[in-house]
Amino acid sequence: MTTQQLIEQIQTKKSFLCVGLDVDLNKIPEHLLTTSDPIFEFNKAIIDATHDLCVAYKPNTAFFEAYGIKGWISLQKTIEYINENYPEIFTIADAKRGDIGNTSSMYAKAFFEDLQFDSVTVAPYMGKDSVEPFLAFEDKHTIMLALTSNEGAFDFQTLEVNGKELYKQVIETSKNWKNSQNLMYVVGATKAEYFTEIRKIIPDSFLLVPGVGAQGGSLQEVCKYGMNDNIGLLINSSRGIIYASKGEDFADKAREEALKLQQEMEGILK
């Protein structure tokens with residue numbers, strides 16, 4: 001998917017919502033546990049209930065890998081279901097991969113060629129030769145961790161290195177990598193005050209923003225400081241949507257929560 005196609009979808013749906021698919025078998029409705037593939041059945045119901053309200057889905061691969069080969073099959077079925085039934089949706093493999101050379105190339109092939117995701121999240125700690133293999137894929141996007149929303153982010157990301165905070169140095173350096181036009185960046189919603197500084201460095205890039213909802217991030221604050229002329233934001237909500245109910249009405253309740261966010265986004269876009 002091209003960036004322009006993503007922008008057009010945002011304009012059509014009046015939404016820049018990304019729904020995170022972090023499926024924990026301990027949290028899904030009990031009646032699904034009797035099915036042959038509870039994870040996929042849960043995802044399918046959530047997707048069918050929310051696809052017109054969001055522009056992206058973000059399966060967190062850890063929640064699939066934890067169940068071994070069965071979980072990986074559930075992930076494959078989930079991405080195939082999205083691509084076949086809602087091909088306009090932007091898909092994100094939240095895998096946070098990061099390794100060098102051929103290893104990164106193989107990770108990229110796994111998510112871009114085999115599973116046919118539109119994008120994958122990566123960790124940049126090992127530098128350009130750990131990220132550029134992902135960037136080599138045409139019309140695929142690499143979403144690099146820039147400034148995260150967890151408590152431990154302050155251990156390294158905001159430390160000053162030669163007079164500049166490390167996260168700023170990482171973002172600036174990444175702009176010089178080959179095919180950097182395929183980069184997007186993860187910036188946590190709970191760090192809304194940093195968006196102004198980040199936009200000075202990457203005014204045109206898309207930012208994937210977790211932390212709105214269950215983690216307490218403010219959609220209004222993120223948009224105030226982080227939005228650009230093409231919107232430039234994908235706001236992720238996971239638990240706040242997919243676990244809105246543990247009953248048989250879970251998909252309907254998930255839609256209600258997604259609709260609240262979509263309507264708030266529509267108001268901001270006006």
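Me: At what angle do helix α2 (residues 38-50) and helix α4 (residues 68-85) pack?
Reply: Quick heads-up: this is a predicted model, in which local features need pLDDT of at least 70, side-chain atom pairs count only at pLDDT 80 or more, and totals for chains, interfaces and linings use all residues. Residues are numbered from 1 along each chain as its sequence is written, and side-chain values use heavy atoms, leaving out hydrogens and water. Helices (H or I, at least four residues) and strands (E, at least two) are DSSP runs numbered from the N terminus, while axes are lines fitted to C-alpha atoms, for helices over the stretch in contact, with angles running from 0 to 180 degrees between N-to-C directions. For α2 and α4, the axes are 9 Å apart and the packing angle is about 20°.

Me: Okay, are α2 and α4 roughly parallel or roughly antiparallel to each other?
Reply: Angles under 35 degrees count as roughly parallel, over 145 as roughly antiparallel, 65 to 115 as roughly perpendicular and the rest as oblique. The angle here is about 20°. So α2 and α4 come out as roughly parallel.

Me: Which residues of α4 make the contact with α2?
Reply: Contact means heavy atoms within 4.5 Å. On the α2 side you'll find Ile 39, Phe 40, Asn 43, Lys 44, Ile 47 and Asp 48. Their partners in α4 are Ser 74, Lys 77, Thr 78, Tyr 81 and Ile 82.

Me: How many residues of the contact of α2 with α4 are nonpolar?
Reply: Ala, Val, Leu, Ile, Met, Phe, Trp, Tyr, Cys and Pro count as nonpolar, Asp, Glu, Lys and Arg as charged, and the others, Gly among them, as polar. In this contact, three residues are polar and three are charged. The nonpolar count is five.

Me: How many aromatic pairs does a search of the whole structure find, and what is the angle between the planes of Phe 112 and Phe 137?
Reply: The search turns up eight aromatic pairs. Phe 112 and Phe 137 form a tilted one, 5.2 Å centre to centre. The angle between their planes is 55°.

Me: How many residues apart are Phe 112 and Phe 137?
Reply: Phe 112 sits in helix α5 (residues 101-114). Phe 137 is in the loop between α6 (128-135) and β5 (141-147), so this pair links distant parts of the chain. Both residues are buried (under 20% relative accessible area, with over 50% being exposed and in between partly exposed, using a 1.4 Å probe and protein chains only).

Me: Which residues in α6 meet α5?
Reply: The axes of α5 and α6 come within 8 Å and cross at roughly 30°. From α5, the contact uses Gly 101, Ser 104, Ser 105, Tyr 107, Ala 108 and Phe 112. From α6, it uses Asp 129, Ser 130, Pro 133 and Phe 134.

Me: Is Asp 22 buried or exposed?
Reply: Asp 22 lies in the loop between β1 (17-21) and α2. Leaving aside neighbours within four places in sequence, Asp 22 touches Lys 58, Asn 60, Phe 63, Ser 238, Ile 242 and Tyr 243. Its relative accessibility is 13%, so Asp 22 counts as buried.

Me: What is the relative accessibility of Lys 191?
Reply: Lys 191 is in the loop between β8 (183-187) and α9 (195-201). Apart from neighbours within four places in sequence, its contacts are Leu 147, Thr 148, Ser 149, Asn 150, Ala 153 and Phe 154. Lys 191 counts as buried because its relative accessibility is 3%.

Me: What is the positive phi of Asn 162?
Reply: Asn 162 is in the loop between β6 (160-161) and β7 (164-165). With a relative accessible area of 82%, Asn 162 is exposed. Although Asn 162 is not a glycine, its phi is positive, at about 55°.

Me: And where is Lys 96?
Reply: Lys 96 is not a glycine either, yet it has a positive phi of about 50°. At 41% relative accessibility, Lys 96 counts as partly exposed. Its place is in strand β3 (residues 90-97).

Conventions
Phe/Tyr/Trp six-rings, centres within 6.5 Å; stacked < 30°, edge-to-face > 60°.
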